[in-house]
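Biologist: I am new to this structure and would like a short tour. Could you show it to me?

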Amino acid sequence: NNLGDKGISILMHGLIDLLLAENAEETKTGSGEGEHSDLQRKRLQLTELDIGSNQLTNEGLKCVAMFLSMNPPLEYLGLSWNDGVDLTGWRGLFDILKDCRHISHLVLDENVLRNEGAKYFAKVLRVNR
């Protein structure tokens, strides 16, 4: 993959639009029993997203963090091989992860986290149990 920041931005904004549309539909229809099961079938079923090796920088990771702040049903997020992200970018993502309860697998191999990034991530893991 070589989506870069621009491609990731387009992807993340598209996913955000889907989540916003779902929320608007839920608000509009209320919580009728038959309607509820229809909404469940229409809900975003994205549980895995691997966007590693896309030459992301802090800007691209901000878009990922924005999507994660919507609390999608994502359980697996692959972000390996994005060495254009520095500690500031990782901290921004990790701060969002404090409130993400669905993600159980996060792949960060071959990134430039260094000791400070790893320590910060460990703090986030203690907060999000």
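Biologist: What pattern does the chain follow, read along the sequence?

Modeller: This is a predicted model. Along the sequence, its chain follows the pattern α-α-β-α-β-α-β-α. That pattern holds five helices and three strands.

Biologist: How many residues does the chain have, and what percentage count as buried?

Modeller: The chain has 129 residues, and 36% of them count as buried. Its accessible surface comes to about 7,800 Å², with 51% of that belonging to carbon and sulfur atoms.

Biologist: Among contacts between residues at least 6 apart in sequence, what percentage join residues at least 24 apart?

Modeller: The figure is 82% for this chain.

Biologist: Let us turn to the helices. At what angle do α3 and α4 pack?

Modeller: Helix α3, residues 58-68, packs with α4 at an angle of about 5°, and their axes are 9 Å apart. Angles under 35 degrees count as roughly parallel, so α3 and α4 are roughly parallel to each other.

Biologist: Which residues make that contact?

Modeller: From α3 come Asn58, Leu61, Val64, Ala65 and Leu68. From α4 come Thr88, Gly89, Trp90, Gly92, Leu93, Ile96 and Leu97.

Biologist: And by class, how many are nonpolar, polar or charged?

Modeller: The contact of α3 with α4 has eight nonpolar residues, four polar ones and no charged ones.

Biologist: New topic: aromatic rings. How many aromatic pairs are there?

Modeller: The count comes to two aromatic pairs. In one of them, Trp90 and Phe94 are stacked, at 5.9 Å centre to centre with 25° between the planes.

Biologist: How many residues apart are Trp90 and Phe94 in helix α4?

Modeller: They are four residues apart in helix α4, residues 87-97, which means that about one helical turn separates Trp90 and Phe94.

Biologist: Is Trp90 buried or exposed?

Modeller: Trp90 is buried, with a relative accessible area of 0%. Phe94 also counts as buried, at 0% relative accessibility.

Biologist: Why is the pair of Phe94 and Phe121 called tilted?

Modeller: The ring centres of Phe94 and Phe121 are 4.7 Å apart and the planes stand at 35°, so the pair is tilted. Stacked would need planes under 30 degrees apart, and edge-to-face over 60.

Biologist: Which parts of the chain does that pair tie together?

Modeller: Phe94 lies in helix α4 and Phe121 in helix α5, residues 114-127, so the pair ties together parts that are 27 residues apart in sequence. Both Phe94 and Phe121 are buried.

Biologist: Which residues form the aromatic cluster, then?

Modeller: Trp90, Phe94 and Phe121 form one aromatic cluster.

Conventions. Residues numbered from 1 in each chain as written. Predicted model: local features only at pLDDT ≥ 70, side-chain atom pairs only at ≥ 80, totals over all residues. Heavy atoms only, no water. Phe/Tyr/Trp six-rings, centres within 6.5 Å; stacked < 30°, edge-to-face > 60°. Helix = DSSP H or I, 4+ residues; strand = E, 2+ residues; numbered from the N terminus. Buried < 20%, exposed > 50% of the residue type's maximum accessible area, 1.4 Å probe, protein only. Contact = heavy atoms within 4.5 Å. Areas by Shrake-Rupley, 256 points an atom, 1.4 Å probe, with all protein chains shown as cover. Axes fitted to C-alpha atoms, helices over the stretch in contact; angles between N-to-C directions. Parallel < 35°, antiparallel > 145°, perpendicular 65-115°, else oblique. Nonpolar A, V, L, I, M, F, W, Y, C, P; charged D, E, K, R; others polar.
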